[in-house]
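Subject: Structure handover

Hello,

Here is the structure for you to look over.

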Amino acid sequence: MGSLATYDMENGDILKTIQVVKPEKSTTSTSSSDVSRDVHVRFGILRMFIANVQEVMFGTKLSVLLPAIPFAFVAECYDVGGPWVFALSLIGLTPLAERVSFLTEQIAYFTGPTVGGLLNATCGNATELIIALFALHQRKIHVLKYSLLGSIISNLLLVLGSSLFCGGIANLNKEQRFNRKQVDPNSSLLLLGLICQILPLLFRYVGNEPAELATASALELSRASSIVLLLAYAACLFFQLKTHTQFFEQQQEGSDEEVREEEGAVIGFYSAFLWLITMTVIIAILSEYVVDTIEVASDTWGISMSFISIILLPIVGNAAEHAGSIIFALKNKLDISLGVAVGSASQISTFLLPLCVIVAWIMGIPLSLDFGVVETGCLAFSIVLTILTLQDGSSHYLKGLMLGLAYVVIGACFFVQKVPSDQSNANDLGILLSSAM
């Protein structure tokens, strides 16, 4: 190398030699840095994926119930038994419903409060909607009606009652107040939905029409009322998001600022969106298992269909609302708790239920808003009791306790009401035949 360097120096080519040598070293260092950068990128993606899995799958205490999901798949594949499939699917739906709410909150960081609020409200009832659509597809009308009715009652009495009770206990030395103007639109929607459910029921007991004609009239009225309810729900959304946003700005800003200060977005937009799709697919599969095996579980356990559909299914579907509402009530954020509980109930009553009626109409399935005397009576008492509880704009633990005890009484009512599944199917078949005639 020394002679080569001397030769270059002597001929005046040392600069060329240096210029040749330097690019070679630069190329070598560049290629090694590219490899290093590529390794860092790959490890970064892997770390991000692991962090997302930790946040999404194990970011809640309900993650201990996640093993029920693969067990439900195994039980279905190996035909272990309908009751086992039903129980495991029901347990597996609980953490999934809560995680869907978490993912919609993450997406709301990137879409803004308006779009995020709509997405959160819609996806918050995704479990109830999917179960209802599967029940409608299999023509299990009683399961659809009972599950949606139970979701309304559960949100009003169980979710709201436990939130007011826990909030009152945690804030004994503070006056718990909320903005009454935020409750009025949802209260009006609930009362309108109740009217649309009572009127078809009256066709059975009022008038001199034969039973078949009364059923057909109730069906036609239910379809017309469903269109009205959808229009009312759209008008309420326009009222909240456009014309009278000042009534709800304080609630939205308070919830957004609190969440951002305490947590912030922990996963990206596209990651949250992909996880949301994945969770929805799994919820759809488990919901199909639940609808397929609910009657077998009812007969095997000796529990009425009405109790399973009105009490057990809504508790699972409302897991997200239940947890979120209690947390905000403990922090003396009653406006947010009321928006979660009462808002979800009004959405089911004036959006999900009439939407199912319209979809059934398109499919040629005679689904009406006639729930039955006992069911409609329980719904009416729940709505009236909730409105009376919230009329003065203040709260304490006794109000929550009264709502919770009312839910216990309604649960006991449907537990002792023995309505076998075959009788419910026979009633649905009778409605189908009478409509066809």
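This is a predicted model: local features need pLDDT of at least 70, side-chain atom pairs count only at pLDDT 80 or more; totals for chains, interfaces and linings use all residues.

Below is what turned up, grouped by region.

Helix α7

Start with α7, residues 141-170. The helix has 30 residues. From first C-alpha to last, α7 reaches 42 Å, close to the expected 44 Å. There is a bend in α7 of about 40 degrees, placed at Ser154. The helix is mostly covered, with 26 of its 30 residues buried.

Annotated spans

The unreviewed UniProt entry carries the annotation "transmembrane region". I looked at two of the annotated spans in the model. Residues 371-390 are 85% helix and 0% strand, and the end C-alpha atoms lie 26 Å apart. Residues 397-417 are 95% helix, again with 0% strand. The end C-alpha atoms of residues 397-417 are 31 Å apart.

Nonpolar patch

Which residues make the nonpolar surface patch of about 790 Å²? They are Phe165, Ile169, Leu172, Tyr397, Leu398, Leu401, Met402, Leu405 and Val408. Helices α7 and α16 (397-416) each supply at least two of the residues. The largest share, six residues, comes from α16. Leu172 sits in the loop between α7 and β1 (176-177). Leu172 has a relative accessible area of 55%, so it counts as exposed.

On helix spacing in general: an α-helix has 3.6 residues a turn, so residues three or four places apart point the same way. Keep that in mind when you view the patch.

Salt bridge

How many salt bridges does the structure hold? The count is one. It pairs the side chains of Lys399 and Asp392, at 2.8 Å from N to O. Lys399 counts as buried because its relative accessibility is 14%, and buried means under 20%. Asp392 is partly exposed, with a relative accessible area of 40%.

Positive phi

Two residues to check by eye. Asp79 is not a glycine, yet its phi is positive, at about 50 degrees. Asp79 lies in the loop between α3 (68-77) and α4 (82-111). At 64% relative accessibility, Asp79 is exposed.

Asn332 also has a positive phi, near 60 degrees, and is a residue other than glycine. The loop between α13 (319-330) and α14 (334-363) holds Asn332. With 25% relative accessibility, Asn332 counts as partly exposed.

Best wishes

Note on methods
Residues are numbered from 1 along each chain as its sequence is written. Side-chain values use heavy atoms; hydrogens and water are left out. Helices (H or I, at least four residues) and strands (E, at least two) are DSSP runs, numbered from the N terminus. The expected span of a helix is 1.5 Å times one less than its number of residues. The bend at a residue is the angle between axes fitted to the seven residues ending there and the seven starting there. Buried means under 20% relative accessible area, exposed over 50%, partly exposed in between (1.4 Å probe, protein chains only). UniProt positions are given in the numbering used here, feature names are shortened, and annotations may be inferred rather than shown by experiment. Patches are made of residues with over 30% relative accessible area and no salt bridge: like charges are joined within 9 Å, nonpolar side chains (Val, Leu, Ile, Met, Phe, Trp, Tyr) within 5 Å. Accessible areas come from the Shrake-Rupley method with a 1.4 Å probe; for residues, only the protein chains shown count as cover. A salt bridge is a side-chain nitrogen of Lys or Arg within 4 Å of a carboxyl oxygen of Asp or Glu.
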